[in-house]
Amino acid sequence: MLLSLYFVNTLIPFSNEQLLIINKGLKYIPPCQSYFYYRQPIEKIIEREYKRLHGENVKNLTDYIFPTDDTRALEYFNEIKNLLEQLYTKPLPTKLKRHARYMYNLIKLMQRKLRKANIAVGQTDKSKLFFFIDAKEYEEKITTYMNKTNAYEEITSGICPLANDLHLVILVLDYLLERNQITKEQRKEMYPNVKTLELAHIYFNLKVHKPEMSVRPIVASINAPARKISAFLDELLTPTYNYVTKDITFINGVDVIRKLKDYQEHGHLTSTTLFVTFDVADLYTMIPREGAIAALTRFCKKYSVHGKIGNVNIDTIIQLACVVLDTNSFAYRNKYYRQIKGGAMGSPFTMVLANIYMLEWEQKLIQHQQQYHEIYGRYIDDVFMTTNLSQEEILKEIDKTTVTDSNIKITTSINQALQYLDVTIENDNGHLRTSIYHKSACEPYILPYESDHPRHVHANIISTALVRAARLCSTVEDFDMERLSLEMILLVNGYPPEFIQRHMKSFFIKYDAINVWTELTSELYQQLHHKLLYKETRRELEMKNQIQDNLILKKKKYEHKDEIYLHYTFENGPLLNFKKQYRQIWEKYYVYPGSRLKNTRLILGTILNRTLQSLLIHKKPKRDMLRKMQPTTETARRTINKILTH
């Protein structure tokens, strides 16, 4: 069995049966949760599902200028409610019920054991594995990280900073609006949602792939006062940054291989060419605030049009950026903290700010690489370069850059064969060879077949894995090893052989490469490899749209004139029939001759139940701690009272 857990100097009090459940991985969803896992009665679950479907339907029908309170609509909604009541109250098949109850009882027992044991449970960094570590050792690692970075300051008064942060956000937004520096629509877009407002909280993933096994801080700030300002700045600045850096930014491993292929075709790859990688330690927390704001100011001045990025002037951007950084407050272990250095990992604006800061830092290296027709590219804090200099010479060039900023600490690797992102890259006597790099800390992991996901999710796993292998593997031998390894892992995780073969065959048929499956020759494989390597990825298409329009498209993901989206909670058992029966109701009432919806595609998206990760890992402090309103000034008190009374 391939393990989906990581032990660190501790023993966990689980039986073999419970360890097998843990081994199903973070994303495993136990079955039939509406029957066992919810405290509220089934009527409340039905009411919640109906309320969401009713709300989405009302919006869709209104968009297509259909009444939502006429006889047709009322009968339609009544049938939806009846369908939900029928399916949610139908008894489970005996075998499924026995298995679901067995899983529920084991998970509940595991939860109780973890509460009693002095063990910290979490997710390993950059992977889908659980970690289990002695709670004292875990806290020591967190303390060591905080002391090393000096990025966090405890609020010793014990007063929750939520009210003061909210006051500052509103004060700045109102100030900018009064001076016509932002529009009413922009203020509305950035204004906090008071109903869901809460202070951010921090948790730490364990870097088991690092020798020192340190931690990575993640600040969960989705409902924090300045979150919407952070998202606004990210959407405003990222398209410009992406356009400026399109030639020196790697989107993914596929992008790296394409640039290497081009490098080879131009005759720059020789038998002595070296590859260089380095990563920046703790980038988000190590960049100085003043330096980051100064770099942002220079970036905006250089790439603005008439003093503006989009329709926002530079001074406004800087004021909003300062608000985001000044309200980086969070709760941890019954205490309140403020981040005083860098930006919060988890805040949308932090990434583009760190990227802009790094862009200035790396200019000398970029110019050097361009002068010698070498590759330079960065993916956030990971850099890849080629060089035909000696190891000593290229290290000297790197040192010229590193000495310019003591905040940037890097770890460098130089070789003719190394790993970068998810690719293993090798210079085989002047010939490029690439394959998939499997990080020992996070692979192999595949969602078990029995997980309570829609079946198309399991099918997509096979297709996605084969596409990845065909893109990254330069030889048919490496591709075939990936295919065989995939088959083995799928079988171990309970995928039926017929299901595996059917979806593997579908992949080769889709890309007109059935001969690769049957004959497996190098010539045929190279055609498939080339086709998929140069096929645009989803991320590339998104960035292409951003660069072309120089703005983030405001159209919501699911707004299409010829498509209607509805969402329901997926669950095995009687609810498997929901999708089919719902379509029948939809067609009965709204797909008729002459209907404006006759040629509109109904897409039923799924909402998934709780994963093993959410059932066993508890990151969030108590709600009361995150929602305390304790303004420390009279003006802040008046602002908060005004908001709450409205």
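What follows is a conversation about a helix pair and some salt bridges in a predicted model.

Biologist: How do helices H12 and H13 run relative to each other, roughly parallel or roughly antiparallel?

Modeller: Helix H12 covers residues 289-303 and helix H13 covers residues 314-326, and they pack at an angle of about 155° with their axes 10 Å apart. Angles over 145 degrees count as roughly antiparallel. The relation of H12 to H13 is therefore roughly antiparallel.

Biologist: How many nonpolar residues does the contact of H12 with H13 have?

Modeller: On the H12 side the contact includes Ile-293 and Leu-296, while on the H13 side it includes Ile-317 and Ala-321. Sorted by class, the contact of H12 with H13 has 1 polar and 3 charged residues, and its nonpolar residues number 9.

Biologist: How many residues apart in sequence are the parts that the pair Glu-79 and Lys-588 ties together?

Modeller: Glu-79 and Lys-588 form a salt bridge whose closest N and O atoms are 2.6 Å apart. Because Glu-79 belongs to helix H4 and Lys-588 to helix H23, the pair ties together parts whose separation in sequence is 509 residues.

Biologist: Is Glu-563, which forms a salt bridge with Arg-601, buried or exposed?

Modeller: The closest N and O atoms of Glu-563 and Arg-601 are 3.8 Å apart. Glu-563 lies in strand S18 and Arg-601 in strand S19, so the pair ties together parts that are 38 residues apart in sequence. Arg-601 is exposed, with a relative accessible area of 53%. Glu-563 has 18% relative accessibility, and therefore counts as buried.

Definitions and conventions. Residues numbered from 1 in each chain as written. Predicted model: local features only at pLDDT ≥ 70, side-chain atom pairs only at ≥ 80, totals over all residues. Heavy atoms only, no water. Axes fitted to C-alpha atoms, helices over the stretch in contact; angles between N-to-C directions. Helix = DSSP H or I, 4+ residues; strand = E, 2+ residues; numbered from the N terminus. Parallel < 35°, antiparallel > 145°, perpendicular 65-115°, else oblique. Contact = heavy atoms within 4.5 Å. Nonpolar A, V, L, I, M, F, W, Y, C, P; charged D, E, K, R; others polar. Salt bridge = Lys/Arg side-chain N within 4 Å of Asp/Glu carboxyl O. Buried < 20%, exposed > 50% of the residue type's maximum accessible area, 1.4 Å probe, protein only.
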